[in-house]
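Me: Could you go through some side chains with me? I'd like to start with charged pairs and then change topic.

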Amino acid sequence: MPELSRRVLCAALLVAALAALFLSPPFRSLLNPQATMDPDSELEFQMPGVIRVYKSGRVERFDGTKTVPPSPAGDPDANGVASKDVVLDPAANISARVYLPPGLEPGKKLPVVVFFHGGAFLVHTAASPLYHRYAAALAAAVPSVVVSVNYRLSPEHRLPAAYDDAFAALKAVVAACRRAETDGAEEAEGELSWLAAHGDASRVVLAGDSAGGNMAHNAAIRLRKEGGVEGLGDAVAGVALLHPYFWGKEPLGAEPTDAGYRSMFDPTWDFICDGKFDLDHPYVNPLASPEEWRQMGSRRVLVTTAEQCWFVERARAYAEGIKKCGWEGELQFYETKGEAHVFFLPKHGTDNAVKELAVVADFVRRC
């Protein structure tokens, strides 16, 4: 190749290489960082091992995504408890999984547990294996009708969406329980027939674990503030708060005070409510608003927790505070030593889990 041609070729290759460099994303990002940011790869929020949310709105869930089907004919692995998926409120698009213990006589009325699953308002459904197993076990242990509610999750639906769904579910359950006596047995047939046939509207218990416990508390507060629900009045028979998720701006009791620890919890609340409610809002810190707390629409309250639960100090303070805020009702407190937050779900069947289930079942029976 002639020397001139070789030089021209080398120059052309050098120009091409420089052009590729200048146009490459890393080089452009150095010149103008805003020009190459991809909102679909930038994180807005994450809870490691649970969820990632990107600035584009894309959501990746890693926990609470598995589901199990219902057992309408009864599950031999769950003491014969039957379950089915129903629509509680078509207008609000609220569904649930209903559990019915076996061997019931026609017309036999049972207490009704309206149960809200946990998951930081971010993950899980009523069909999650952990919650399906627990709800079936509770239905058998009481025995009771258990209505495990599906509610809208954050970030697709930020709080107070879950609270609205919880209250709508309560109203729908009460209406379904009363349908047989108001509309007659024939009209009570359908997917809510189990509630109509066996649900006692005078013995409704709101219950939930972690975030679900928070929801049960807030539903009972709203019940009295709004003057009650037709067919129920302004108080449920009981509220069972299982390792409830409460928090606050200031550390409480023996809670760690270092910023690193609190940074695991403070931003989560801000994210799930999109900054609408601060950490001392009554939704998440009942202790900050005793005047609202005393309006708890329930005749009895059970609070359970565990020694190593993230929110154990909040549960202890709740048990003390509700007696001082002016609420008139019966309180029961139960703490398991040596266990962590909602241990009874992954450690189902262990001695401590069986004992906690027995406490909850006995509470419901007395409601």
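Me: Glu226 first, is it buried, partly exposed or exposed?
Reply: Glu226 counts as partly exposed because its relative accessibility is 46%, where buried means under 20% relative accessible area, exposed over 50% and partly exposed in between, with a 1.4 Å probe and protein chains only. Bear in mind that this is a predicted model, in which local features need pLDDT of at least 70 and side-chain atom pairs count only at pLDDT 80 or more, while totals for chains, interfaces and linings use all residues. Residues are numbered from 1 along each chain as its sequence is written, and side-chain values use heavy atoms, with hydrogens and water left out.

Me: Which residue does Glu226 form a salt bridge with?
Reply: The partner is Arg222, with the closest N and O atoms 2.8 Å apart; a salt bridge here is a side-chain nitrogen of Lys or Arg within 4 Å of a carboxyl oxygen of Asp or Glu. Arg222 is also partly exposed, because its relative accessibility is 26%.

Me: And what does Asp234 pair with?
Reply: Asp234 meets Arg224 in a salt bridge, at 3.5 Å from N to O. This pair links distant parts of the chain, as Asp234 sits in the loop between helix H7 (211–225) and strand E9 (238–242) and Arg224 sits in helix H7, 10 residues apart; helices (H or I, at least four residues) and strands (E, at least two) are DSSP runs numbered from the N terminus. Asp234, at 35% relative accessibility, is partly exposed, and Arg224 is partly exposed with a relative accessible area of 29%.

Me: What about Lys347, who's the partner there?
Reply: Lys347 forms a salt bridge with Glu339, the closest N and O atoms being 2.8 Å apart. Lys347 is partly exposed at 36% relative accessibility, whereas Glu339, at 8%, counts as buried.

Me: Changing topic, where is Ser128?
Reply: Ser128 is in the loop between strand E6 (110–116) and helix H3 (129–141), and it counts as buried because its relative accessibility is 1%.

Me: What does Ser128 touch?
Reply: Leaving aside residues up to four places away in sequence, Ser128 touches Gly64 and Lys66, contact meaning heavy atoms within 4.5 Å. A polar atom of the Ser128 side chain also lies 3.0 Å from the backbone nitrogen of Thr125.

Technical notes
Polar contact = N/O pair within 3.5 Å; in protein donor to acceptor, adjacent residues only side chain to side chain.
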